[in-house]
Amino acid sequence: MAHYIIVGTAGIGGALAAKLRASGHDLFLINRTREHVEDLARDLDVRFSIADVMVPEQLKVAIGLAGPIVDGLAYCVGTINLKPLMRITADDVRRDFEINSVGAFTAVQAAVPALKASIQTTASVLLFSTVAVQQGFAGHVSVAMAKGAVEGLTRALAAELAPKIRVNALAPSLTQTPLSEPLTRNPTTAQALAALHPLQRLGNAIDVAGLAAFMLGNDADWITGQVISVDGGRGALRSKA
Ligand SMILES: NC(=O)c1ccc[n+]([C@@H]2O[C@H](COP(=O)([O-])OP(=O)(O)OC[C@H]3O[C@@H](n4cnc5c(N)ncnc54)[C@H](OP(=O)(O)O)[C@@H]3O)[C@@H](O)[C@H]2O)c1
């Protein structure tokens with residue numbers, strides 16, 4: 001049994017929590033909104049804490065509450081703020097950077113002593129990027145900047161924290177979660193967006209949680225510094241000429 005911290009529990013983080021718990025692991029959940037974590041923590045019989053990642057001290061305190069020995073950290077917090085260049089503001093960009101990138105940095109920094117204390121062969125960190133970093137999409141300036149930094153952070157940390165701590169990231173395409181709900185709530189729009197994927201559907205939290213659980217666990221013991229796409233083929237393939 002391993003002991004994992006999951007930050008951000010509304011969508012993919014929640015599915016990951018359920019999957020890890022079903023495999024018998026112990027969890028400590030951290031989320032901003034109590035309603036998005038309380039029921040989940042009760043159902044899974046795990047501990048939780050509330051923190052806004054925009055307030056680094058809150059996040060550090062919450063991570064400390066997980067205990068002195070931690071085997072893995074998944075930072076599943078994110079934003080999707082899609083606006084054309086001339087409508088996005090510097091404040092939007094700063095906020096997205098704080099939540100996606102600085103928050104990930106703070107979480108890892110706070111968790112490193114406990115991760116180093118893990119008795120597993122390796123401890124692991126899992127961060128989240130997006131398909132919109134390796135491929136350019138109109139209207140994605142802010143999220144691409146913020147998640148591009150997460151990809152840089154992933155590789156830099158993987159180099160610095162080896163050999164004890166592995167650091168990887170997943171890069172999903174549009175996945176049906178509370179975060180993406182404003183983009184997918186209209187069925188016609190959702191269908192049009194699904195059709196852009198070679199596998200002809202949008203992702204769901206379970207699609208991503210499966211790989212996330214694998215990357216955190218011992219079966220991925222020789223994988224570090226990677227950004228792995230979970231995107232229905234959107235990032236790499238063109239299924240129509
Ligand atoms: N869904 C997609 O289409 C998609 C695509 C590409 C990448 N991703 C990435 O995948 C990861 C998981 O995404 P998801 O869709 O599963 O997200 P989600 O869980 O549905 O929602 C985002 C999570 O981030 C938390 N959060 C946002 N701002 C926060 C803050 N200031 N402090 C603390 N927590 C905060 C939210 O907390 P609350 O409960 O308070 O709202 C929520 O738990 C994210 O990094 C996301 O960027 C998602």
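In this predicted model, the loop that runs between α8 (187-195) and β8 (203-204) contains Gln-200, a residue whose phi is positive, at about 60°, although it is not a glycine. Gln-200 has 12 other C-beta atoms within 10 Å and is therefore exposed, since a residue counts as exposed at 12 or fewer.

A positive phi also occurs at Asp-45, where the value is near 60° in a residue other than glycine. Asp-45 belongs to the loop between α2 (38-44) and β3 (47-50), and with 9 other C-beta atoms within 10 Å it is exposed.

The crossing of α4 and α6 is right-handed. On the α4 side the contact includes Phe-97, Ala-104, Phe-105 and Val-108, and among the α6 residues they meet as a group are Val-143, Met-145, Val-150 and Leu-157. Classified by residue type, the contact of α4 with α6 comprises twelve nonpolar, three polar and three charged residues.

The ligand, finally, is surrounded by 27 residues, of which Gly-11, Arg-32, Thr-33, Gly-78 and Phe-128 are the closest. By class, the shell around the ligand consists of 13 nonpolar, twelve polar and two charged residues.

Definitions and conventions:
Residues are numbered from 1 along each chain as its sequence is written. This is a predicted model: local features need pLDDT of at least 70, side-chain atom pairs count only at pLDDT 80 or more; totals for chains, interfaces and linings use all residues. A crossing is left-handed if the near helix is turned anticlockwise from the far one by less than a right angle, and right-handed if clockwise. Helices (H or I, at least four residues) and strands (E, at least two) are DSSP runs, numbered from the N terminus. Two residues are in contact if their C-beta atoms, placed from the backbone, lie within 7 Å. Ala, Val, Leu, Ile, Met, Phe, Trp, Tyr, Cys and Pro count as nonpolar, Asp, Glu, Lys and Arg as charged, and the others, Gly among them, as polar. A residue is near a molecule or strand if its C-beta atom, placed from the backbone, lies within 6 Å of it. A residue is buried if 20 or more other C-beta atoms lie within 10 Å of its own, exposed if 12 or fewer, and partly exposed in between; C-beta atoms are placed from the backbone.
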